[in-house]
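Dear colleague,

I am handing over the structure we spoke about, with the sequence alongside. Please open it first, and then read the notes below against it.

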Amino acid sequence: ANVGIRTGEGGLAFLDIDVRSADSVERIVSEFQNRFSGRGVLLRRTGMLPKTGVLFRSEEGLTKQKVNLGEELGHVEVLAKGQQFIGFGLHPETGSYYQWHGADPTSEDIRGVDDLAFISKEEIGLFLGWIKRCHGIHEKSTEYPVEADRLEMVKQLRQASRQASQDRKIIKLLSNRRNSLAKGSYDDWF
């Protein structure tokens with residue numbers, strides 16, 4: 001009997017990379033790790049090569065999102081609220097056991113969902129948007145990443161605006177200090 005892992009509770013989510021091209025799978029996994037490693041544990045599980053998946057944490061209430069890459073290539077899904085995936089047992093087509101790369105959810109090092117890397121809804125949307133752009137879309141797909149791209153742009157603009165505001169404050173402070181220096185001596189600066 002196989003053991004399923006239900007996603008959604010505590011923000012538990014699973015990036016299900018159901019893609020038939022080994023090169024595409026490795027590019028997707030590599031990009032996912034580059035973006036999100038260092039935030040906690042990313043647990044990777046494989047059933048039928050090259051298909052794989054990564055267990056992570058997000059906001060509660062996250063719903064399933066899917067990017068179709070065409071009938072020949074496959075699709076990528078984020079399984080979340082109300083979804084599940086097989087975590088342990090025998091793959092029905094290969095007859096081999098599902099394999100975790102390194103640690104698995106039952107490892108002593110993993111104390112709970114909070115140990116998993118946290119990835120926001122917006123970041124997931126941006127990542128799925130990257131998959132769309134890099135691997136081409138041939139069928140319908142979720143439109144969420146387009147909105148996420150807009151949100152990322154707004155976030156970057158706000159950050160730039162805050163930096164510009166900081167720069168103006170520093171210039172004003174230095175300007176005031178220069179004016180006061182003109183009235184005093186060089187030693188007043190130190």
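The crossing of helices H1 and H2 is right-handed, a crossing being called right-handed if the near helix is turned clockwise from the far one by less than a right angle, and left-handed if anticlockwise. Two packed helices are described by the angle between their axes and the distance between the axes. Here the axes of H1 and H2 (residues 121–135) come within 11 Å and cross at roughly 150°, where axes are lines fitted to C-alpha atoms, for helices over the stretch in contact, and angles run from 0 to 180 degrees between N-to-C directions. H1 and H2 are therefore roughly antiparallel to each other, the label for angles over 145 degrees, with under 35 counted as roughly parallel, 65 to 115 as roughly perpendicular and the rest as oblique. On the H1 side, Ser24, Arg27, Ile28, Glu31, Phe32, Arg35 and Phe36 meet Glu123, Leu126, Phe127, Trp130, Ile131, Cys134 and His135 of H2, contact meaning heavy atoms within 4.5 Å.

Please keep in mind that this is a predicted model, in which local features need pLDDT of at least 70 and side-chain atom pairs count only at pLDDT 80 or more, whereas totals for chains, interfaces and linings use all residues. Residues are numbered from 1 along each chain as its sequence is written, and side-chain values use heavy atoms, with hydrogens and water left out.

As for the overall fold, the protein has three helices and eight strands, which follow the pattern β-β-α-β-β-β-β-β-β-α-α along the sequence; helices (H or I, at least four residues) and strands (E, at least two) are DSSP runs, numbered from the N terminus. Of the 190 residues, 38% are buried, where buried means under 20% relative accessible area, exposed over 50%, and partly exposed in between (1.4 Å probe, protein chains only). The accessible surface comes to about 11,500 Å², 50% of which belongs to carbon and sulfur atoms, as computed by the Shrake-Rupley method with a 1.4 Å probe, with only the protein chains shown counting as cover for residues. Among contacts between residues at least 6 apart in sequence, 70% join residues at least 24 apart.

The search of the whole structure finds seven salt bridges, each defined as a side-chain nitrogen of Lys or Arg within 4 Å of a carboxyl oxygen of Asp or Glu. One of them joins Glu26 and Arg44, whose closest N and O atoms are 3.0 Å apart; since Glu26 lies in helix H1 (residues 22–36) and Arg44 in strand S3 (residues 43–46), the pair ties together parts that are 18 residues apart in sequence. Glu26 is partly exposed at 42% relative accessible area, whereas Arg44 is buried at 14%. Another links the side chains of Glu31 and Arg35 at 2.7 Å, N to O, and these two residues, four apart in helix H1, are separated by about one helical turn. Glu31 is partly exposed, at 22%, and Arg35 is also partly exposed, at 28%. In a further salt bridge, Arg111 and Asp115 bring their closest N and O atoms to 3.3 Å; Arg111 is exposed at 73%, while Asp115 is buried at 16%.

Asp115 is also among the contacts of Ile110, which, leaving aside neighbours within four places in sequence, touches Val41, Leu43, Asp104, Pro105 and Asp115. Ile110 sits in the loop between strand S8 (99–101) and H2 and is buried at 13% relative accessibility. Its C-alpha atom lies 8.2 Å from that of Val41, although the two residues are 69 apart in sequence.

Thr7, in the loop between strand S1 (3–6) and strand S2 (12–19), has a relative accessibility of 2%, and the C-alpha atoms of Thr7 and Leu79 are separated by 6.6 Å across 72 residues of chain. His75, in strand S6 (residues 74–79), is buried at 17%; the contacts of His75, not counting residues up to four places away, include Asp16, Ile17, Lys66 and Val67.

Finally, one backbone detail: a cis peptide bond joins Leu49 and Pro50, with omega about 0°, and Pro50 lies in the loop between S3 and strand S4 (52–57).
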